[in-house]
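User: Hi! I have a protein model open and would like to go through it with you.

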Amino acid sequence: MKTLFKLFLVLAFITFYQCKDENKSVEKKTLTLKNKKVKKEVIKAWDSLNSNNTEAFLTEFGNQNSETKVLIKTDFGDIKIRLYDDVPIHRANFIFLTKIKYFNTTVFYRIAKNFVIQGGNSDEMYTQRERRKYGNYLLKPEFRKNRKHKYGALAAARQWDHNPNKLSSPFEFYIVQKKSGAHHLDNEHTVFGEVISGFSTMEKISKVAVGVDEWPIDDVKMTVEIID
């Protein structure tokens, strides 16, 4: 009987230490998990364009997106535009805005008779939200001797006051509708494309009724898509 009792004590002792070791092992695993640092991958948005990286972003975007032809669609018809390769930042910017569908909530908001039709803005919430999203960045001028304000020229609008470096608005553009051109604007605004078809549409738009501020009485809406 004593022998059996001793044997029982030995077995109990061994079982106790095995359980204790197992508990230590579990504790160690738990501590290891608690102390382990979980690395979260930071994913940078592809459209991280802002006022601090404008030129670098658009240069790279332009390298990866070589399209040069877009179609402006309106209720009056279509206008086909060719963008110039030798003004790479302005070209890339227009393609970028087209691809994110920025222009599709904008209008031709200024019709200056026998001068220009100007668009790229509206009172739509989406339009204003997109402008705020990218920080209202500006573009450095890309003046070229062979890029003039001829009839059908596409150029970037800009602020004249407090803008000594003639920085372009990235969002707003105009098309020269005056047959003899608007050459007093050469080297004042960057010309970055031209109309290659749809001149009759441009002429129709130029004839809409406008208020004293040259804003059309009825909105001239547009959508823009890439065709080549």
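User: Which residue is the bridge partner of alanine 153 in β7?

Analyst: That partner is glutamate 194. Strands are DSSP runs of E with at least two residues, helices are runs of H or I with at least four, and both are numbered from the N terminus. Before we go on, this is a predicted model, where local features need pLDDT of at least 70 and side-chain atom pairs count only at pLDDT 80 or more, while totals for chains, interfaces and linings use all residues. Residues are numbered from 1 along each chain as its sequence is written, and side-chain values use heavy atoms, with hydrogens and water left out.

User: Thanks! In what sense do β5 and β7 pair?

Analyst: Strand β5 and strand β7 (residues 191–197) are antiparallel, with 3 bridges between them. Two strands count as paired if DSSP finds at least two bridges between them.

User: And how many bridges join β5 to β6?

Analyst: There are 3 bridges there too, and β5 and β6 (residues 173–176) run antiparallel. In that pairing, leucine 154 sits opposite isoleucine 175 of β6.

User: Are the faces of β5 covered or open?

Analyst: Both faces of β5 (residues 153–156) are covered. Ala153 and Ala155 are buried on one side, and Leu154 and Ala156 are buried on the other. Buried means under 20% relative accessible area, exposed means over 50%, and partly exposed is in between (1.4 Å probe, protein chains only).

User: Zooming out, in what order do the strands of the sheet come?

Analyst: The open sheet has 9 antiparallel strands, in the order β8-β3-β4-β6-β5-β7-β2-β1-β9. At its edges are β8 and β9 (223–226), which have a single partner strand each, so one side of each lacks a neighbour in the sheet.

User: What does glutamate 214 touch?

Analyst: Leaving out residues up to four places away in sequence, glutamate 214 touches Tyr109, Arg110, Ile111 and Ala112. A contact here means heavy atoms within 4.5 Å. The side chains of glutamate 214 and arginine 110 also make a polar contact of 2.8 Å. A polar contact is a pair of N or O atoms within 3.5 Å; within protein, one must be able to donate a hydrogen and the other to accept it, and residues adjacent in sequence count only if both atoms are side-chain atoms.

User: New topic: how many cavities of 30 Å³ or more does the structure hold?

Analyst: It holds 2. On a 1 Å grid over the protein atoms alone, a cavity is a set of points where a 1.4 Å probe fits but cannot get out, a pocket is an open set with protein on both sides within 12 Å along at least five of seven lines, and lining residues have an atom within 4 Å of a point. Points are joined across faces, edges and corners, and the volume is the space filled by probe spheres set on them.

User: What volume does the largest cavity have?

Analyst: It comes to about 70 Å³. The residues lining the largest cavity include His90, Asn93, Phe94, Ala156 and Phe192, and α3 gives the most, with 3 residues.

User: Where is histidine 90 found?

Analyst: Histidine 90 is part of helix α3 (residues 88–99). With a relative accessibility of 2%, histidine 90 counts as buried. Its side chain makes a polar contact of 2.9 Å with the side chain of serine 168.

User: Last one: how much space lies in the largest pocket?

Analyst: About 390 Å³. Both β3 (107–112) and β4 (116–121) give two or more residues to the lining of the largest pocket. There are 20 lining residues, and Gln118, Ala157, Arg158, Gln159 and His189 lie nearest the centre.
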